[in-house]
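Please look over the structure below and keep it open while you read.

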Amino acid sequence: MSEQRFGEFVAVRRDGDGHVAELAMDRPKAMNAVSTEMARSIGAACAALAADPSVRVVVLSSTAERAFCVGADLKERNSFSDAELVRQRPTTRGAYGGVLALPMPTIAAVHGFALGGGFELALACDVIVADETSVVGLPEVSVGVIPGGGGTQLLPRRVGAARAAELIFTARRVEAAEALSLGLVDSVVPAGQDTTEALALASRMAANSPVGLRAAKRALRLGHGMDLEAGLEIEEAAWRTVAFSGDRVEGVAAFNEKRKPNWPGE
């Protein structure tokens with residue numbers, strides 16, 4: 001397994017053919033509280049992954065035993081002047097936006113606490129795999145702010161406007177079983193198995209066409225919330241990017257020859 005560090009608190013790991021990349025948040029002593037330095041590192045790691053055509057799926061994980069991520073580093077924030085908070089904001093947005101903008105499928109592997117910005121990082125992923133210890137929520141209004149890493153926009157897209165409003169306005173924490181029933185996470189696995197299961201799911205996804213995966217994600221993301229006619233035009237544009245690709249030629253040939261495709265990725 002290869003590992004590339006992005007600052008002190010973020011590692012990108014790749015195994016085997018390298019088509020699955022694990023972006024591991026690695027600040028266990030602070031339960032991955034997102035400091036300015038850590039936000040900068042997440043943004044840099046996402047930029048590197050987005051620019052790498054060999055990466056087909058990304059898993060966002062945590063090395064902290066008790067948490068996926070507890071959100072913003074409030075100890076650091078407490079020391080900021082208003083001017084410093086304003087200057088830090090683009091760095092913070094770069095972390096959350098970096099995960100959200102990854103062009104390939106993304107899976108969050110969640111255990112323990114995923115609160116505030118931590119849950120927003122998970123919401124920025126396409127699929128959330130949670131273990132039985134998971135506790136998720138957006139408690140920002142309880143400390144005088146609002147979700148600022150995409151939560152007010154991503155949560156209603158998952159669970160609907162009214163459910164999102166109830167969760168955000170009450171600031172309540174939701175344990176794994178209820179989170180699954182509400183659609184806050186997509187699966188619940190045994191304790192300690194979140195990363196293993198997420199990586200296994202990522203491998204199944206990565207067996208498919210990299211051109212197809214990225215085009216399908218683009219159509220899903222851009223089409224969400226559009227009226228049907230506009231959404232179908234977005235799908236048509238995405239279809240055209242794959243219909244005349246090397247991956248389409250190889251996929252059809254492999255199907256007819258009853259063999260595993262060797263995707264050219266273009």
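G112 is buried, because its relative accessible area is 7% and the cut-off for buried is under 20%. The model is predicted, and this value is computed from it. G112 is found in the loop between β6 (106-110) and β7 (113-115). Leaving aside residues up to four places away in sequence, G112 touches R66, A67, D131, T133, S134 and V135. A162 lies 50 residues from G112 along the chain, and the C-alpha atoms of G112 and A162 are separated by 26 Å.

**Helix pairs**

Two packed helices are described by the angle between their axes and the distance between the axes. The table gives these values for two pairs.

| Helix pair | Axes come within | Crossing angle | Handedness |
|---|---|---|---|
| α1 (residues 36-50) and α3 (residues 82-100) | 8 Å | roughly 40° | left-handed |
| α5 (residues 151-159) and α6 (residues 161-170) | 7 Å | roughly 130° | right-handed |

Take α5 and α6. Their axes cross at roughly 130°. The two helices are therefore oblique to each other. On the α5 side, the contact is made by G151, T152, L155, P156 and V159. On the α6 side, A161, R163, A164, L167 and I168 take part.

Now α1 and α3. Their axes cross at roughly 40°. That makes α1 oblique to α3. From α1, the residues in contact are T36, A39, R40, I42, G43 and C46. They meet Q88, T91, T92, G94, A95, G98 and V99 in α3.

**Rings**

How many aromatic pairs does the structure hold? It holds one. The partners are W239 and F244, with ring centres 6.1 Å apart. Their planes stand at 75°, so the pair is edge-to-face; the cut-off for that class is over 60 degrees.

F244 is exposed, at 65% relative accessible area.

The charged end of R27 sits over the ring of F9. The distance from that charged end to the ring centre is 5.0 Å.

Notes
Residues are numbered from 1 along each chain as its sequence is written. This is a predicted model: local features need pLDDT of at least 70, side-chain atom pairs count only at pLDDT 80 or more; totals for chains, interfaces and linings use all residues. Side-chain values use heavy atoms; hydrogens and water are left out. Rings of Phe, Tyr and Trp (its six-membered ring) pair if their centres lie within 6.5 Å; planes under 30 degrees apart count as stacked, over 60 as edge-to-face and the rest as tilted. Buried means under 20% relative accessible area, exposed over 50%, partly exposed in between (1.4 Å probe, protein chains only). A charge sits over a ring if NZ of Lys or CZ of Arg is within 6 Å of the ring centre and within 35 degrees of the ring normal. Axes are lines fitted to C-alpha atoms, for helices over the stretch in contact, and angles run from 0 to 180 degrees between N-to-C directions. Helices (H or I, at least four residues) and strands (E, at least two) are DSSP runs, numbered from the N terminus. Angles under 35 degrees count as roughly parallel, over 145 as roughly antiparallel, 65 to 115 as roughly perpendicular and the rest as oblique. A crossing is left-handed if the near helix is turned anticlockwise from the far one by less than a right angle, and right-handed if clockwise. Contact means heavy atoms within 4.5 Å.
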